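Here is a short briefing to read with the model open beside you.

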Amino acid sequence: MQTPFPTISWSEPGSEFSMRWRSESGFQPPKKIIVGDDRLTADTAVRLASEGSSILWRGDYHNARQLLQAMARRFDRKPRKPAATLREAFNLHRQAQSQKARILGMLLIPVDAGHVIPLRRAPDVRSACIEAYGPADEGYVLSLRELLGVIGAHEWRRNGVPIAALGGDRIHPHYGVFSPVRGEYLELVEQAPLPSAELAFDIGTGTGVLAAILARRGVKKIVATDMQERALACAQDNLERLNLTQQVTLVQADLYPPGRAGLVVCNPPWLPGRPSSILEQAVYDPDSRMLKGFLDGLRDHLLPGGEGWLILSDFAELLGLRSRDDLLAMIDRAGLVVLGRTDIRPRHPKSTDASDPLHAARRQEVTSLWQLAAK
């Protein structure tokens with residue numbers, strides 16, 4: 001059976017090696033690979049990576065983690081170009097983050113069949129990797145940065161995120177599914193007056209958190225959709241944990257399920273732009289595709305007297321990526337009217353972090369629940 005993963009090759013003294021390359025972030029297979037170990041300094045590693053050489057680690061696992069941290073510190077110490085506008089600051093920030101991800105992604109780790117790392121003091125990552133990748137019948141190479149993300153996602157999934165809007169019950173995000181760590185938008189959905197308690201659609205359900213909140217509020221039936229199999233598996237897991245599977249039906253769909261509902265809820269990605277990883281798909285919406293798709297299809301999926309709830313931050317507006325007039329024009333072109341809007345300020349740590357290059361926008365950010373109806 002043909003594997004979807006490409007093969008990479010490299011030389012070590014007296015031997016030639018080949019293994020599969022794995023990258024959930026879509027990084028291309030490394031073209032030039034050198035072998036590094038505990039003698040490699042961070043300065044040398046950054047220089048090699050900047051010159052296009054990936055470093056396959058053969059030393060101690062914990063030393064590799066320390067090396068990666070040291071490389072990140074050197075990158076972060078680079079002087080930043082001053083920005084004249086928030087939009088320019090955003091573009092420079094994205095550019096810097098992309099470059100940093102590329103450089104740090106060039107420190108590679110070998111993994112044997114069964115997700116076993118053949119390095120000194122390597123942790124047991126089998127459970128984390130099986131959750132993210134499934135079984136591994138052969139070895140592969142991946143970036144240490146991605147592996148650390150897989151391990152971190154395993155911890156999030158195991159421990160869960162307490163959700164105040166669910167009475168403190170936890171949502172357990174899976175790898176590649178965005179974690180609902182920003183509770184303010186969940187509070188909006190918990191408190192807005194329900195136009196109907198019979199049937200609701202949750203468009204782009206992700207972890208299933210909004211469907212769960214609606215179910216806890218007494219909506220009798222919710223149909224929750226998502227395109228991604230990872231998200232549907234995650235939502236199913238959470239709904240089972242919360243004993244809400246009788247109220248919520250999951251459907252794999254691009255936006256809408258068939259039919260009409262008295263309430264349709266959507267929390268699309270808040271920023272127009274191209275995502276560079278699986279997780280960024282929950283943040284960046286190329287050409288506002290999901291936002292436009294939700295608005296354009298809403299009228300045909302609402303029952304008479306029904307409402308669509310659009311949960312959206314104005315962060316894109318503050319950055320100059322989309323104007324308020326643009327959003328209102330989208331709503332109008334879709335044959336919709338605004339019945340009302342409820343706003344809330346963010347409470348996440350970045351909103352008070354003055355060292356964040358986008359702090360000027362984050363401190364002004366407002367998240368809104370737009371109540372929409374057909375004209």
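Which helices each supply at least two residues of the lining of the largest cavity? They are helix H4 (126-133) and helix H5 (144-159), where helices (H or I, at least four residues) and strands (E, at least two) are DSSP runs numbered from the N terminus. This is a predicted model, in which local features need pLDDT of at least 70, side-chain atom pairs count only at pLDDT 80 or more, and totals for chains, interfaces and linings use all residues. Residues are numbered from 1 along each chain as its sequence is written, and side-chain values use heavy atoms, with hydrogens and water left out.

**The cavity**

- Searching the whole structure turns up one cavity of 30 Å³ or more; a cavity is a set of points on a 1 Å grid over the protein atoms alone where a 1.4 Å probe fits but cannot get out.
- The largest cavity holds about 30 Å³ of space, a volume being the space filled by probe spheres set on grid points that are joined across faces, edges and corners.
- Its lining consists of Ala128, Glu131, Val150, Ala153, His154, Arg157, His174 and Tyr175, where lining residues have an atom within 4 Å of a point.
- H5 gives the most to this lining, with four residues.
- By type, the lining has four nonpolar, two polar and two charged residues (Ala, Val, Leu, Ile, Met, Phe, Trp, Tyr, Cys and Pro count as nonpolar, Asp, Glu, Lys and Arg as charged, and the others, Gly among them, as polar).

**H2 against H5**

- Helix H2 (residues 61-76) packs with H5 at an angle of about 105 degrees, and their axes are 11 Å apart (axes are lines fitted to C-alpha atoms, for helices over the stretch in contact, and angles run from 0 to 180 degrees between N-to-C directions).
- H2 is therefore roughly perpendicular to H5, a term for angles of 65 to 115 degrees.
- On the H2 side, Tyr61, Ala64, Arg65 and Leu68 meet Leu144, Arg145, Leu147, Leu148 and Ile151 of H5, contact meaning heavy atoms within 4.5 Å.
- The residues of this contact comprise seven nonpolar, no polar and two charged.

**Two positive phi angles**

- Most residues other than glycine have a negative phi.
- Arg121, in the loop between strand S5 (107-111) and H4, has a positive phi near 60 degrees.
- Arg121 is exposed at 53% relative accessible area (exposed is over 50%, buried under 20%, partly exposed in between, with a 1.4 Å probe and protein chains only).
- Ser288, in the loop between strand S14 (284-285) and helix H9 (289-298), has a positive phi of about 55 degrees.
- Ser288 counts as buried, with 6% relative accessibility.

Definitions and conventions
1 Å grid on protein atoms, 1.4 Å probe; cavity = no way out; pocket = protein on both sides within 12 Å on 5 of 7 lines; lining within 4 Å. Parallel < 35°, antiparallel > 145°, perpendicular 65-115°, else oblique.
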